[in-house]
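Please look over the sequence and the model before reading on.

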Amino acid sequence: PTKHREAHTLLSLVERRYRTNARNAQAFCVHRLDRGVSGVLVIAKSLEMAERLRDQFAERKPHRKYVAIVAGVPKEPEGRLVNYLSTDADLNRILVADETQGEIAITNYKVQTPLSDAAVLEVKLETGRRNQIRVQLAELGHPILGDPRYRPRQAAHWAWQFQRIALHAECLGLKHPRTGEPLF
């Protein structure tokens, strides 16, 4: 949900499902995805567990792996992108040179499958900033196919006819908030 308090959100649907078993059940969003991105997200059943999980994200503990299909094939088969991200007046994320004006964003990528005019990348995050992968890959000159916000003309591709971004959150590894057991 956003500040507009929409009635039909994933969080409200999950909470309704929980309430079939317990009247006072609640759902707390811990890790979300950008609209148009598919994959793994995290919702907690209690505020206490949500806070424990959020602490792991604040400490950069979770392992996050994505798959992206990008325009063109990066020159380097793998790389580490380190930038500072800020937000402009239109709420777009932008790269800034001055570290005091932004938040550090670190993304590692590896070309899994080079295609003639696109590539499938494995992407791993060291930090988790809003739109981080989308901005950094677009600035590298390889925007994610179907991205309407960051280099949309270049991200338009004849083979990607879907109404979503070619980005999938494939793996999220963290520790169980109560037992400490690794979850992947």
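Predicted model: local features only at pLDDT ≥ 70, side-chain atom pairs only at ≥ 80, totals over all residues.

Residues are numbered from 1 along each chain as its sequence is written, and side-chain values use heavy atoms, with hydrogens and water left out.

**Overall fold**
- The protein chain holds four helices and ten strands, where helices (H or I, at least four residues) and strands (E, at least two) are DSSP runs numbered from the N terminus.
- Along the sequence, these elements follow the pattern α-β-β-β-α-β-β-β-β-β-α-α-β-β.
- The radius of gyration, taken over C-alpha atoms, is 18 Å for the protein chain, close to the 16 Å that the globule rule gives for 184 residues, so the chain is as compact as a globular protein of that length; the rule is 2.2 Å times the number of residues to the power 0.38.

**Burial**
- Of the 184 residues of the protein chain, 39% count as buried, meaning under 20% relative accessible area with a 1.4 Å probe, protein chains only.

**Helix H3**
- Helix H3, residues 132–139, is mostly covered, with seven of its eight residues buried, and among these are Ile 133, Val 135 and Leu 137.
- The buried residues of H3 pack against several strands, including S4 (63–71), S7 (103–114) and S9 (167–175), with contact meaning heavy atoms within 4.5 Å.
- H3 is followed by Gly 141, which has a positive phi near 100°.

Key. Buried < 20%, exposed > 50% of the residue type's maximum accessible area, 1.4 Å probe, protein only.
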